[in-house]
Amino acid sequence: MSDTQTLIENRPPSVAALFLERVAATPDAEAYRYPVPPSSGQGPDDWKSLSWGQAAERVYAIAAGLIELGVQPEQRVALASSTRVEWILADLGIMCAGGATTTVYPQTNADESAFILSDSESRVLIAEDAAQLAKALEKQAELPDLTMIVVIDPAGVETGDRVTTLAALEERGAAYLEEHPELIKERVGAITREQLATLIYTSGTTGRPKGVRLPHDNWAYMAKAIAGTGLLSGEDVQYLWLPLAHVFGKVLTSGHIEVGHVTAVDGRVDKIIENLPVVQPTYMAAVPRIFEKVYNGVAAKAREGGAAKYKIFQWAVEVAREYAKASQDNFRRTGNPSVPFGLAAKHKVADALVYAKLREAFGGRLRACVSGASALAPEIGYFFAGAGIHILEGYGLTESSAASFVNPGEAYRTGTVGKPLPGTEVRIADDGEILLRGPGIMEGYHKLPEKTSEVLESDGWFHTGDIGELSPDGYLRITDRKKDLIKTSGGKYVAPAEVEGQFKAVCPYVSNVLVHGADRNYCTALIALDEIAILDWAKENGLEGKPYAEVVAAPQTVEMVDGYVRELNQGLQRWQTIKKFRLLPRDLDVEHGEITPSLKLKRPVVEREYKHLIDEMYAGTREA
């Protein structure tokens with residue numbers, strides 16, 4: 001049996017137990033870094049640290065405070081907050097109390113928040129601030145199970161019988177622990193593998209979200225399996241900004257506890273560019289939209305520098321892609337990533353002119369990024385790979401505790417999601433659907449046995465709803481969502497995500513794109529442009545000072561995008577080509593429910609909202 005198999009098979013029943021082990025092993029090592037904004041509101045943030053021992057003190061106090069409030073094993077405690085160090089401490093506190101965390105995105109509106117709190121029967125809500133508290137108070141008549149709300153940031157909050165602060169809860173817990181010093185050890189020791197640890201509601205594209213039940217064993221397995229990949233070491237510094245209410249962000253906290261490296265936590269997306277040179281991470285996980293934004297930003301900056309500078313950038317992009325493809329291809333064949341001498345020489349020049357500055361913008365120490373939640377356009381992946389920013393694509397779902405596949409370090413292959421995590425099985429069904437089995441698979445959907453039986457077979461195989469292909473040596477390539485595959489009226493199948501990804505690699509101004517064509521005789525696209533990039537372009541093209549909606553409606557903008565659509569079409573099969581497109585009057589966003597908090601497109605919502613534009617593109621055509 002390999003060391004990794006031994007690690008996995010001998011895992012403890014919970015991450016709470018792993019946390020106790022980590023604290024005992026390295027109490028004085030740095031665990032977390034987090035920003036404290038200056039009191040004046042001006043200037044850079046001051047970054048503070050918590051050792052594992054200091055973190056444990058707070059975690060155990062939160063756990064004891066919850067126990068004193070009457071939280072019993074498996075009872076739900078909801079957590080509605082953006083990504084910050086207190087989210088992690090509270091989640092660990094809930095688990096160490098034996099409770100189960102119900103995650104709520106801070107962007108969720110009052111109605112859906114109330115549904116999640118009610119459906120999960122959450123007893124306590126840990127809310128980030130006055131805004132999150134207000135949503136719960138607005139719907140309190142619908143929440144008879146909710147007995148207490150704990151607020152992390154107390155500014156503007158009135159405490160009372162049902163409202164307290166996190167600081168007060170910790171004080172209560174610390175006092176309770178003095179009377180019951182063995183309390184946490186006893187609670188954690190009583191946790192079983194099957195006991196519910198987390199309830200994550202998937203943001204459904206239609207109807208109410210479903211609660212995914214993830215027991216403690218899922219997270220303990222994930223922690224050991226992530227460590228077993230060998231991608232991380234105790235010397236790493238992780239920059240964690242992903243939404244922790246999403247399974248992708250949450251799984252990173254399990255791996256962190258097992259490996260014991262440093263994690264810098266700050267969920268403010270607008271601070272990423274500012275934070276990277278300060279944090280200087282060696283490792284970071286992100287969603288494709290972040291890499292697309294960086295790529296578009298670098299391209300727009302080069303364009304601003306004039307024709308010569310832009311030409312150099314375009315040349316460097318092609319060299320990076322060629323270099324990445326050649327080195328990955330050679331590594332696959334020989335185990336050596338070397339490239340031909342001429343290409344290496346060109347790469348060296350491009351590195352000095354373009355790539356070195358890009359790596360510096362990421363903090364200068366980045367060893368690898370993991371990308372997940374949706375597909376990264378291969379051409380963007382190859383550009384970053386050639387520039388020395390190694391993006392290891394991974395794959396998983398909320399129902400599989402996020403990390404089912406990841407690319408293996410040096411042997412990564414752009415355009416694939418790598419190999420299964422140790423202990424996870426995969427097979428491809430006759431219709432191309434990816435099926436998974438292993439210790440990361442959910443127990444089922446909360447209070448929805450029929451929905452559970454639709455996707456989970458009695459022998460443990462889970463139907464992902466994604467279509468994919470396995471290479472002979474075990475690398476998985478996702479081709480599309482089963483339900484998103486388009487069949488044109490001519491009987492041809494089109495994978496919209498593939499076409500959308502290619503367009504993102506071609507057009508530096510695109511933010512979101514939706515390809516439509518099911519049961520139609522040709523494909524069309526709805527295109528949303530990135531506000532910053534397109535307004536910069538507008539300055540150079542006679543549209544300076546005009547608002548976004550006017551810029552996207554201008555004939556010269558439509559003409560410019562049309563050029564990129566024609567360029568895209570040159571590389572597509574005839575039935576995949578985009579015959580018509582419309583530019584949207586605003587970008588798609590989470591607030592309007594058009595994209596999920598993990599920045600995935602909600603196709604039915606967008607198609608409903610912009611049905612008039614889709615109809616316009618097919619007006620006057622005869623549908624077969």
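In this predicted model, the largest cavity is lined by Ala 80, Val 104, Ser 113, Leu 117, Leu 125, Gln 132, Lys 135 and Ala 136. Its volume is about 60 Å³. Helices α5 (110-119) and α6 (130-138) each contribute at least two residues to this lining, and α6 provides the largest share, three residues. Classified by side chain, the lining comprises five nonpolar, two polar and one charged residues.

The second largest cavity holds about 50 Å³ of space. Among the residues that line this second cavity are Val 15, Trp 87, Asp 91, Leu 92, Lys 250 and Ile 257. Two or more lining residues come from each of α4 (85-96) and α10 (247-259), with α4 giving the most, five residues. In the whole structure, five cavities of 30 Å³ or more are found.

In soluble globular proteins, nonpolar side chains tend to be buried together. Here the largest nonpolar core has 165 residues, of which Phe 19, Tyr 32, Phe 384, Phe 503 and Ile 527 touch the most other members. Helix α3 (residues 52-68) is the main contributor to this core, with 10 residues. The contacts of Phe 19 include Trp 52, Val 59, Leu 92 and Ile 257. A separate core of 17 residues includes Ile 116, Leu 125, Leu 133 and Val 151.

Strand β9 (residues 210-215) is mostly covered, with five of its six residues buried. Strand β8 (residues 196-202) pairs with β9 in the antiparallel sense over six bridges, and Thr 198 has Leu 214 as its bridge partner. Strand β19 (residues 444-445) also runs antiparallel to β9, joined by two bridges; Tyr 445 is the bridge partner of Val 212.

Key. Residues numbered from 1 in each chain as written. Predicted model: local features only at pLDDT ≥ 70, side-chain atom pairs only at ≥ 80, totals over all residues. Heavy atoms only, no water. Buried < 20%, exposed > 50% of the residue type's maximum accessible area, 1.4 Å probe, protein only. Helix = DSSP H or I, 4+ residues; strand = E, 2+ residues; numbered from the N terminus. Pairing = 2+ DSSP bridges. Core = buried A, V, L, I, M, F, W, Y, C linked by side-chain atoms within 4.5 Å. Contact = heavy atoms within 4.5 Å. 1 Å grid on protein atoms, 1.4 Å probe; cavity = no way out; pocket = protein on both sides within 12 Å on 5 of 7 lines; lining within 4 Å. Points joined across faces, edges and corners; volume = space filled by probe spheres on them. Nonpolar A, V, L, I, M, F, W, Y, C, P; charged D, E, K, R; others polar. Lists of a residue's contacts leave out its neighbours within four places in sequence.
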